[in-house]
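Here are a few notes to keep beside you while you look through this model for the first time. Take the points in order, with the structure open.

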Amino acid sequence: MNATLQKETRATNERETQFVSPEVNIYETKDGYILEAEMPGVNKEGLEITLEGNEITITGHRHTEPLSSQALFHESHNADYQRVFELDPAIDTAKVSARMDQGVLKLTLPKSERVKPRKISVD
Amino acid sequence: MNSLARWQRPELSMWPGFGRLTSLRDEIDRLFEEPLAALARSSQLLSGWTPAFDVCEDKDNFYVRAELPGMRKEDIELSMHNGSLSISGERKSDEALKEAEVYRSERFFGRFQRTISLPTQVAVETIKAQYKDGILSVTLPKAEEAKPKHIDVKVS
């Protein structure tokens, strides 16, 4: 099964918004896929996940307040996070679930029942 | 930007960013202290993790903010030594996914350490730290003697 969360297409900057791309890990288990995305500074409320066709878009809005006082150094980005993935058709999009824990999004994308490996017992 | 650029596994990364210089220095320090074999096993010369830091100050405090997504609070260590703040820790991968097939691996797991020296003395006993939404925020009050003083001079 090589049609995974296959090719990744970068979000087009239609609205002139600048995004940074979160770092992700993607795993496949027999039940489905797990996607972890690093989005420090984003909580549950700042998270937006949209499914459209066979594409899933993850957007994370940071809620950290900008550095108010005098900055000595500044390495973090202020931009929001966004990344788009193409989904394996085997994924049951109705059952996708998401969890946010300490700035890491964990998406669980189960495969639909009909594509899961099944044992057929012989009578 | 080409999306393939992100593809490289962290351990193959040959481009240490600016922030990596500190960890490179730490590695060089270690190079002289540890047998080479031990280093080869755990070497992060070419990879490693240098979390992004923001440091700012006002009249009374220094504020350090570090992006450390996906850690457990108890795996983060903070220490002060000679006016330098060290933040270190270990990020562990999800045991439940050990057996899973990996399709993409961009996140770093393992130990990291970063040290920043603060320009003035801080009151070590009253340092406060909070970890929320993957961001560690540390407030370091400046020592009384380091604060700018305002002296009223009366001119008569």
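Two strands are said to pair if DSSP finds at least two bridges between them. The strands themselves are DSSP runs of E with at least two residues, helices are runs of H or I with at least four residues, and both are numbered from the N terminus.

1. Before you start. This is a predicted model, in which local features need pLDDT of at least 70 and side-chain atom pairs count only at pLDDT 80 or more, while totals for chains, interfaces and linings use all residues. Residues are numbered from 1 along each chain as its sequence is written, and chains are lettered from A and ligands numbered from 1 in the order in which they are written.

2. A sheet in chain B. Strand 3 and strand 4 (residues 84–91) of chain B pair in the antiparallel sense over 6 bridges. Within this pairing, B:Glu77 stands opposite B:Ser88 in strand 4 of chain B. The open sheet has 3 strands in the order 3-4-6 of chain B, with antiparallel pairing. Strand 3 (76–81) and strand 6 (110–117) of chain B each have a single partner strand and stand at the edges, so one side of each has no neighbour in the sheet. From one strand to the next the twist averages 15 degrees, taken between lines fitted to C-alpha atoms, with angles running from 0 to 180 degrees between N-to-C directions.

3. The make-up of chain A. Chain A has 0 helices and 10 strands. Of its 123 residues, 29% count as buried, that is, with 20 or more other C-beta atoms (placed from the backbone) within 10 Å of their own; exposed means 12 or fewer, and partly exposed lies in between.

4. The pLDDT, the predictor's confidence in each residue from 0 to 100, averages 84 in chain A, and 85% of the residues score at least 70. Confidence in chain A is lowest in strand 1 (residues 8–9), at a mean of 49, and highest in strand 10 (residues 104–110), at 96. Where pLDDT is low, the predicted coordinates should not be read in detail.

5. Where the chains meet. How many residues of chain A are in contact with chain B? There are 33, and they touch 29 residues of chain B; a contact means C-beta atoms, placed from the backbone, within 7 Å. Strand 3 (24–28), strand 4 (32–38) and strand 7 (70–74) of chain A each supply at least two residues of this side of chain A. Strand 3 of chain A also runs antiparallel to strand 5 (residues 101–105) of chain B, joined by 4 bridges, and A:Glu28 stands opposite B:Glu101.

6. The nonpolar cores. A nonpolar core is a set of buried Ala, Val, Leu, Ile, Met, Phe, Trp, Tyr and Cys residues joined through C-beta atoms within 7 Å. The largest has 18 residues, and those with the most contacts inside it include A:Ile26, A:Tyr33 and A:Leu105. A second, separate core of 13 residues includes B:Val64 and B:Leu140.

7. Two backbone angles to look at. A:Gln102 is not a glycine, yet has a positive phi of about 45 degrees; this residue lies in the loop between strand 9 (97–101) and strand 10 of chain A. B:Asp133, also not a glycine, has a positive phi of about 50 degrees. Is B:Asp133 buried or exposed? B:Asp133 counts as buried because it has 21 C-beta neighbours inside 10 Å.

Notes. Contact = placed C-beta atoms within 7 Å.
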